[in-house]
Amino acid sequence: MFRQTKTVFQKLRYLRLNGQQHTWRAKSTSARERALHYQAGQKIHGFTVKEVVAVPDLFLTAVKLTHDKTGAQYLHAARDDSNNLFSVQFRTTPMDSTGVPHILEHTVLCGSEKYPCRDPFFKMLNRSLSTFMNAFTASDYTMYPFSTQNGKDFQNLLSVYLDAVFFPCLREQDFWQEGWRLEHENPTDSKTPLVFKGVVFNEMKGAFSDNERLYAQHLQNKLLPDHTYSVVSGGEPLAILDLSWEQLKQFHATHYHPSNARFFTYGDLPLEQHLKQIEEEALSKFDRTEPNTQVPPQPHWSTPVISTFHPGSSLSSFFLLSSITDTFESFTLSLLSSLMISGPNSPFYKALIEPKIGTDFSSVVGYDGSTKEASFSIGLQGMAEDDIERVKQIISQTIDDIIENGFEEERIEALLHKIEIQMKHQSTSFGLALASYIASCWNHDGDPVELLQINDSVTKFRQALKENPRFLQDKVQHYFKENTHRLTLSMSPDEAYRDNQAKAEEEKLQTKIQTLSDSNRKEIYEKGLELLASQSKTQDASCLPALKVSDIEPTIPVTPVQLGSAGGVPVQYCEQPTNGMVYFRAMCSLNTLPEELRLYVPLFCSVITKMGCGSLDYRQQAQQKELRTGGMSVSTQVTSDSTQMDMYEQGVVLFSSCLERNLPHMFQLWSDTFNRSAGSQHFLTSVYTKQTLCLPSSPHFDDEERLRVLVMMSAQELANGISYSGHMYAMTRAGRMLSPAGDLHETFGGLEQVKFMKRIAEMPDLSQVLRTLPRIKKHIFNPEHMRWECAINATPQKMSDAAGKLDDFMRDIAANRRERKSIRPNIVEVRPLDPLAVPGSGPSRKLISEPKFQPCQMKTFFPMPFPVNFVSECIRTVPFAHQDYASLCVLARMMTAKFLHGEIREKGGAYGGGARMGAGGLFSFYSYRDPNSVQTLSAFRKGVDWAKSGTFTQQDIDEAKLSIFSAVDSPVAPSDKGMGRFFSGITDEMKQGHRERLFAVSHNNLVDVAGRYLGIGQRTSGFAVLGPENETLKKDPSWIVK
C-alpha cells in the first residue's frame, strides 16, 4: 500500500482520530510502572537498554534499546492498553521510479522460508483476531505494522511478519503477480493481445489518475531534486515496467537488514517476550552491516525556481524548511503552519479562500514533515490561469503582513488547547498512531522519545513566546521571506493529458512486443499458464499459525447505560473513563422534512456550524469552537431497522466534545446555533463577553459570500474523493433501488450528492439556497423532533454536572418548540428506547415504514477520467435480526478470502476486491482500482456458484468466523461506548444473540443462503461501474450510461 505521510501536526491529530475502538483495563501493577524498573545498560535477550523515560502526558513509559549484534534500533511504549501493536520499518531510499520498495513491500508478504505458502499475509487476516494488519511504503521508509488484543495471536503474527521481511521467498511468479508482467489478455488464449498486468502497476495507474496525487508527487520531486525524493517510491506506472526481478531481490538484500531496521512495540504485553522472540526467530541469524541508506541534506538553492506541468489548474509556493530531527523546531513550524492556514481566522484563508479566486487550497497545503527536511506549501486549486500572477502576489503580500502583524494571542491559545484535547482523548489504535507519528523523524535518526514528550515542547514554546513576542514572526521572516529554496509550481489544464498517458503506455507496450522473438512469445504464454495454474491451485496453509474458534470469548462485555431525560427529551448516559473529556451527541429526526429538501441536507450539515451564530460572526464562532471544544459537527444519519428491510430511521446527528471545564461554553455554542429563527431578534447575556447583546437570526444564513466559499470547498472535496473511494460510491449506487434506506444513502452521500453539489457550486446566485437552509433548520432543530435523544459519555464524577448543563441547554431551546405534522403518513412508533419497557409506555424511536416499496434491478455505468474501474453488485437479502444474517456475514468473508481475492486481485490484477454484508441487509460485491469490469462482474457470479457448490472446508468456515470476530470484537473507545444502542437500538442482548448465531453457522447454512439469496432467479440486485470508456457496457441496453 503506497501512502504519503501526513504532516507532524496532522500526525498529532491522527493520535486522536485514527482507527478502531479500544478496550481499557486497569491492573494492580500497570504496564508502564513495570517498564520503569528497566535500567540503562541492562542486557535483555541480545538487546541493551539505552534509556527509560516516563511520558505521563501519554500515559506510557518509553524504553529505548539497541540490538548488540546488528545495531537494530528498538522502542517499546509500555501502556495499559490491550490493543498491542508491533511494527518494523526499514529506511528504503530508491534512486529511480520503478517502484521497487513498493513492489517489494507487496512481494515479501507472498511467502517466506518458514511459511512458504502463497500469500500468508492475506491468509493470516482469516487466521487471527488482529485489529489491524497492513504494510506501507512512504517516500523513504517501508513499515509493516499489526495489532491484536490476544497474546497468542501477537506471537503468531510476529512470527509471520519477521519471517516475511527477513526471509521472504521472493519468487519470480510473485513478482509477476504483484509487480508487472507482459501476458495475453486471456492467459489461456495465445491469440489474444499481449497487455501489461500487475497489482502495483494497476494500483499506481489508479493513483496517478488523481490530479491531487500527481500534484503532490510533482511538488516533492521538484523541491528535493538531488536524491531519493526526486523519484516516485510507489512507482511511476511506465517506469514500473523497467523493473526486473533481479533488481527487486538486490534491493531487499541491501535494505531489509536488521542494521537498517527500527522495531516498535506498544501495549501491555511483556517487553521481554517480544525481545526473546525477535532475537531467536530473526536477529540472531544476522551480523552487523553498514547500510548505505542515509539521505543527505538537500543543497539549498541560491534563487527560487518556477515550474509548470499538466494537467489541472493549481498554483503553489513550496518552501524547504529545517531538518525534522530538530524536534522543537518541527513542533514550532507545525504550529506556525496551522496559524497561517487553518480556519477562517488564518491569514492565508482570508487572503486566498475568501476572495473566491479558486475553489480551495491546493491539495498539498501546510507543513509536511514526511521528508528528511520539512517543507511548507501554500496555494490554490480550481483557479483560472489568468489569476496565477495575482495569487503569487497575494502569497508574497500575506507573508509580509504576518511578519508585520503577527498572530492574535487567542488564536495561539486555541491551537494549544487543541493539542491538550488531542492528548486527553483516548483512541483505540493509539499504538498505530504512535508508530506513524514517530516514523519519519526516527527514520532519519531523530529521537523518538523526545518526539513523544509533547508537553515539554508546549512549555518550551510558551517560554520562547514570553522571551520574544516576535518569536513566530522571526520564524516567518527566516523560513519564508528570506528563503531562496522556494519552488513555485503551477499545474495547467491539459485536455489531452489522459489520452497522452494511454498513448505512452501503448507505445511502451509495442516497443517491448517488437523486440520479442518467437521463443520469447512462447515463453510468455507458458509463464502465463504457469502463473494461472499457481493462482488456481488450492493452497496448503497448514504451515501458518492460527487461532481456533474456541479461542474467541463466548460472550460480550456489557456496557451499562442509564436512560433519563433533559428538558423533556430522552437522554442516554454512559459513564466511562474519558480522561477529563465530555462527549455529546443528539439525534434530530428528519421525518417532517419535505421531499424536495432532502438533497440539501448534507450541505446544511456541512455549513450549519460555520456560518456564525448568535452574537458571533463566523470567524468568532470558529475561534470559540477551537478555544472551547474538541470540535462541533452535524452529519446525516440513515439507520436501517434491525427487523424489517423496508423500515428505517432518518435524521441528523450533532456531535461535540470538550474538556470538562468547558461544558457551559460548549452548550452555549449549540444553544446559539439552535435558537433565534430567521427574522427574529433575541437579547442575551453572552457567556463569551458577559455583555447584553441584541442578536440577529442564527445561524447567519444571510451571508451569501460566506456560503459560496463553503459550497465551493465542499464541492471540490467531494469531487476529489471519488478516485480514492470509488468502490464505496459504486456500492452505494448499486444499492440505491434495493431498499428505501439504500435510496436515501445515495441521496445523502452518493454520486447524486456529488453531482448536486457541483451544480450548486456553479450557480451564479445562491439566494435560493439561502432561502432553503432556514427551512431545513425549522424542521430539524426542534426539540419535538429530537427522538431520544441526546447521549452523554463522561466520567462518573462529572456526569451529574454534564446532565445539569444538558438540561439547561434543552430548556433554553424549548421555547422554539413547534408542533409539525409529519409529511409521511407511514411513520410508525414501534421501537421503545428502553428494550425492557412495555411498548407505548415511554419514549420510542420514530421509524419510517415503506411497505409498498418495490425493489428493482438497475445497472448504471459512470464514465470517469480514470484508467481503472470500481465495480459493484449489490443484492437485497435480510436485516440484522434475521436468523440468516449471520450466515451471510460469514459467507461474505469466506468468499472474499477463498475465492474472490484470487479471481479479482491475483488473476485480475485489481488492487482489491471482495464481498461484504451490510447492516442494512444488502450483500455487496466490489472491486477497487480494477483493470477489468465485465470480467469482474463475471467473477462475482462465479463466486456465488462456488459457494453454492459447497466445495469449502470446515477450516475455511472457521477462518471466516475468526475474521468476522476480529471486527465484531474490535475495541471500543470510552467516547463511543453505547453508541450502537443509541443510533440503531441494538442492545447488548441483541449483539449477544448475533454472536451466538455466528458461532452456530454451519456448512449447510452457507450453501443454503448462497442458493436462496444470491442465486440467479432468487435475487434482486443492482450494479454499478465507475471507470474509463467501456464499449461493452455502452452497447448493452440493460445498462444506463450516466
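**Close-up 1. Gln-89 and its partners across the strands.** Gln-89 stands opposite Arg-262 in strand 11. In strand 8, Met-143 is the bridge partner of Gln-89. The model is predicted: local features need pLDDT of at least 70, side-chain atom pairs count only at pLDDT 80 or more, and totals for chains, interfaces and linings use all residues. Residues are numbered from 1 along each chain as its sequence is written, and side-chain values use heavy atoms, with hydrogens and water left out.

**Close-up 2. Strand 5 between its pairings.** Strand 5 (residues 84-91) pairs with strand 8 (residues 141-148) in the antiparallel sense over eight bridges. Strand 5 also pairs with strand 11 (residues 261-267), again antiparallel, over six bridges. Strands pair if DSSP finds at least two bridges between them. Strands (E, at least two residues) and helices (H or I, at least four) are DSSP runs, numbered from the N terminus.

**Close-up 3. The two sides of strand 5.** Eight of the eight residues of strand 5 are buried (under 20% relative accessible area, 1.4 Å probe, protein chains only). Asn-84, Phe-86, Val-88 and Phe-90 point one way; Leu-85, Ser-87, Gln-89 and Arg-91 point the other way. In a regular strand the side chains alternate between the two faces of the sheet.

**Close-up 4. Helix 12 against helix 15.** Helix 12 (residues 327-341) and helix 15 (residues 409-424) pack at about 120°, with their axes 10 Å apart. Phe-331, Leu-335, Ser-338 and Leu-339 in helix 12 meet Arg-411, Ile-412, Leu-415, Leu-416 and Ile-419 in helix 15 (heavy atoms within 4.5 Å). The residues of this contact divide into seven nonpolar, one polar and one charged.

Note on methods: Axes are lines fitted to C-alpha atoms, for helices over the stretch in contact, and angles run from 0 to 180 degrees between N-to-C directions. Ala, Val, Leu, Ile, Met, Phe, Trp, Tyr, Cys and Pro count as nonpolar, Asp, Glu, Lys and Arg as charged, and the others, Gly among them, as polar. Buried means under 20% relative accessible area, exposed over 50%, partly exposed in between (1.4 Å probe, protein chains only).
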